[in-house]
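Hi,

Here's the structure I promised to pass on. Have a look at it first, and then read my notes below.

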Amino acid sequence: MTFKNFSTLVADTLPHIQELMPWDVQALQQEKPQTLLIDIREQAEFDAAHIAGSLLVPRGILESACDWGYADTVPALATARDQPVVLVCRSGNRTALAALTLQQMGFTAVYSMKTGVRGWNDYELPLFDANHQAVDIELADALLNPPLRPEQMPPKKAAG
(Lines give C-alpha, C1' and ligand atoms only; values in the text may rest on other atoms or scores of the structure.)
Protein backbone atom coordinates (compact mmCIF):
# COMPACT_ATOMS: atom_id res chain seq x y z
CA MET A 1 0.00 0.00 0.00
CA THR A 2 1.28 3.44 -0.92
CA PHE A 3 0.90 6.05 1.78
CA LYS A 4 0.23 9.72 1.10
CA ASN A 5 1.27 12.75 3.07
CA PHE A 6 -1.01 15.68 3.88
CA SER A 7 -0.04 17.80 0.87
CA THR A 8 -0.60 14.86 -1.50
CA LEU A 9 -4.04 14.16 -0.01
CA VAL A 10 -4.99 17.80 -0.54
CA ALA A 11 -3.58 17.89 -4.09
CA ASP A 12 -5.49 14.72 -4.99
CA THR A 13 -8.70 16.29 -3.69
CA LEU A 14 -8.51 19.62 -5.55
CA PRO A 15 -9.74 18.37 -8.97
CA HIS A 16 -12.91 17.07 -7.29
CA ILE A 17 -14.01 20.18 -5.38
CA GLN A 18 -14.88 23.80 -6.04
CA GLU A 19 -12.65 26.53 -4.60
CA LEU A 20 -13.37 30.23 -4.21
CA MET A 21 -10.98 33.09 -3.53
CA PRO A 22 -11.88 35.39 -0.62
CA TRP A 23 -13.30 38.11 -2.88
CA ASP A 24 -15.43 35.47 -4.62
CA VAL A 25 -16.83 34.46 -1.23
CA GLN A 26 -17.89 38.05 -0.61
CA ALA A 27 -19.56 38.18 -4.03
CA LEU A 28 -21.35 34.87 -3.40
CA GLN A 29 -22.62 36.13 -0.04
CA GLN A 30 -24.01 39.25 -1.71
CA GLU A 31 -25.59 37.31 -4.58
CA LYS A 32 -26.92 34.52 -2.34
CA PRO A 33 -27.47 35.82 1.22
CA GLN A 34 -28.39 32.30 2.41
CA THR A 35 -24.73 31.28 1.92
CA LEU A 36 -23.45 29.56 5.02
CA LEU A 37 -19.85 30.29 6.01
CA ILE A 38 -18.45 27.41 8.10
CA ASP A 39 -15.10 27.83 9.87
CA ILE A 40 -13.67 24.35 10.51
CA ARG A 41 -10.68 25.43 12.59
CA GLU A 42 -10.39 24.78 16.32
CA GLN A 43 -12.03 27.02 18.94
CA ALA A 44 -8.80 28.85 19.88
CA GLU A 45 -8.03 29.61 16.22
CA PHE A 46 -11.56 30.90 15.67
CA ASP A 47 -11.50 33.01 18.84
CA ALA A 48 -8.23 34.68 17.80
CA ALA A 49 -9.42 35.80 14.35
CA HIS A 50 -12.45 34.83 12.28
CA ILE A 51 -14.69 36.17 9.53
CA ALA A 52 -17.82 37.94 10.75
CA GLY A 53 -20.91 35.80 10.39
CA SER A 54 -19.00 32.53 10.14
CA LEU A 55 -20.17 29.56 12.15
CA LEU A 56 -17.59 27.49 14.03
CA VAL A 57 -17.85 23.75 13.31
CA PRO A 58 -14.43 22.20 14.05
CA ARG A 59 -13.19 19.65 11.53
CA GLY A 60 -13.24 16.93 14.16
CA ILE A 61 -17.04 17.03 14.42
CA LEU A 62 -17.94 18.20 10.92
CA GLU A 63 -19.58 14.99 9.71
CA SER A 64 -21.79 14.56 12.77
CA ALA A 65 -22.53 18.30 12.87
CA CYS A 66 -24.11 18.18 9.42
CA ASP A 67 -26.28 15.18 10.14
CA TRP A 68 -29.33 14.81 12.38
CA GLY A 69 -29.42 12.81 15.59
CA TYR A 70 -26.02 13.58 17.09
CA ALA A 71 -24.96 15.65 20.09
CA ASP A 72 -22.83 17.63 17.60
CA THR A 73 -25.69 18.33 15.14
CA VAL A 74 -25.72 21.97 14.00
CA PRO A 75 -29.23 22.53 12.57
CA ALA A 76 -28.11 25.40 10.30
CA LEU A 77 -25.62 23.05 8.67
CA ALA A 78 -27.80 19.93 8.68
CA THR A 79 -30.47 21.82 6.68
CA ALA A 80 -28.01 23.35 4.21
CA ARG A 81 -27.54 20.54 1.70
CA ASP A 82 -29.11 22.58 -1.11
CA GLN A 83 -27.72 26.02 -0.26
CA PRO A 84 -24.21 27.40 -0.77
CA VAL A 85 -21.81 26.35 1.97
CA VAL A 86 -18.32 27.86 2.07
CA LEU A 87 -15.76 26.11 4.25
CA VAL A 88 -12.98 28.15 5.82
CA CYS A 89 -9.75 27.14 7.58
CA ARG A 90 -6.37 28.80 8.04
CA SER A 91 -4.91 28.09 4.58
CA GLY A 92 -7.49 26.22 2.51
CA ASN A 93 -6.02 22.75 2.95
CA ARG A 94 -8.30 21.34 5.65
CA THR A 95 -11.31 22.75 3.83
CA ALA A 96 -10.35 21.02 0.60
CA LEU A 97 -10.60 17.67 2.34
CA ALA A 98 -13.76 18.71 4.19
CA ALA A 99 -15.43 19.91 0.97
CA LEU A 100 -15.01 16.49 -0.60
CA THR A 101 -16.52 14.89 2.50
CA LEU A 102 -19.56 17.18 2.43
CA GLN A 103 -20.06 16.46 -1.27
CA GLN A 104 -20.10 12.76 -0.42
CA MET A 105 -22.73 13.54 2.23
CA GLY A 106 -25.03 15.15 -0.33
CA PHE A 107 -24.15 18.85 -0.16
CA THR A 108 -24.74 20.22 -3.65
CA ALA A 109 -23.03 23.63 -3.49
CA VAL A 110 -20.04 23.28 -1.19
CA TYR A 111 -16.89 25.35 -1.65
CA SER A 112 -13.46 25.48 -0.08
CA MET A 113 -12.12 29.01 0.39
CA LYS A 114 -8.73 28.97 -1.27
CA THR A 115 -6.00 30.62 0.83
CA GLY A 116 -8.22 30.41 3.93
CA VAL A 117 -8.33 33.04 6.65
CA ARG A 118 -4.68 33.87 5.90
CA GLY A 119 -5.68 34.88 2.39
CA TRP A 120 -8.69 36.79 3.70
CA ASN A 121 -6.31 38.78 5.90
CA ASP A 122 -3.77 39.19 3.06
CA TYR A 123 -6.51 40.86 1.01
CA GLU A 124 -7.14 43.14 4.00
CA LEU A 125 -10.65 41.87 4.57
CA PRO A 126 -11.85 42.24 8.18
CA LEU A 127 -11.33 39.64 10.88
CA PHE A 128 -12.78 39.67 14.40
CA ASP A 129 -11.85 38.12 17.73
CA ALA A 130 -14.03 36.31 20.26
CA ASN A 131 -15.20 39.68 21.65
CA HIS A 132 -16.33 40.82 18.17
CA GLN A 133 -13.50 43.35 18.06
CA ALA A 134 -11.66 43.95 14.79
CA VAL A 135 -8.26 42.23 14.69
CA ASP A 136 -5.35 44.34 13.45
CA ILE A 137 -4.03 43.05 10.11
CA GLU A 138 -0.45 42.70 11.40
CA LEU A 139 -1.58 40.89 14.56
CA ALA A 140 -3.75 38.58 12.48
CA ASP A 141 -0.79 37.88 10.20
CA ALA A 142 1.31 36.82 13.21
CA LEU A 143 -1.52 34.68 14.62
CA LEU A 144 -2.19 32.99 11.29
CA ASN A 145 1.47 32.27 10.48
CA PRO A 146 2.99 30.73 13.61
CA PRO A 147 6.64 29.68 13.31
CA LEU A 148 7.43 25.99 13.16
CA ARG A 149 9.12 24.48 16.18
CA PRO A 150 12.27 22.37 15.56
CA GLU A 151 10.40 19.14 16.37
CA GLN A 152 7.88 19.95 13.62
CA MET A 153 10.54 19.98 10.92
CA PRO A 154 11.26 16.85 8.86
CA PRO A 155 14.11 14.76 10.21
CA LYS A 156 17.46 15.33 8.54
CA LYS A 157 18.59 12.48 6.34
CA ALA A 158 21.72 10.70 7.42
CA ALA A 159 24.75 11.23 5.20
CA GLY A 160 26.09 8.27 3.55
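Predicted model: local features only at pLDDT ≥ 70, side-chain atom pairs only at ≥ 80, totals over all residues.

If you leave aside its neighbours within four places in sequence, V85 is in contact with L36, I38, L77, A80, L102, F107, A109, V110 and Y111.

V85 also turns up in the largest nonpolar core, which has 21 residues. Which of those touch the most other members? They are I38, L77, V85, L87, L102 and F107. As for where the core comes from, β2 (36-39), α4 (62-65), β4 (85-88) and α6 each supply at least two residues. The largest share, four residues, comes from α6. There's a second, separate core too: it has 18 residues, and A49, M113, W120 and L144 are among them.

Now for a pair of helices. Helix α1 (residues 6-13) packs against helix α6 (residues 93-104) at an angle of about 50 degrees, and their axes are 9 Å apart.

If you want to find the contact on screen, pick out F6, L9, V10 and T13 on α1, then N93, R94, A96, L97 and L100 on α6. Sorted by type, the residues of this contact are six nonpolar, two polar and one charged.

Cheers

How values were computed:
Residues numbered from 1 in each chain as written. Heavy atoms only, no water. Axes fitted to C-alpha atoms, helices over the stretch in contact; angles between N-to-C directions. Contact = heavy atoms within 4.5 Å. Nonpolar A, V, L, I, M, F, W, Y, C, P; charged D, E, K, R; others polar. Core = buried A, V, L, I, M, F, W, Y, C linked by side-chain atoms within 4.5 Å. Buried < 20%, exposed > 50% of the residue type's maximum accessible area, 1.4 Å probe, protein only.
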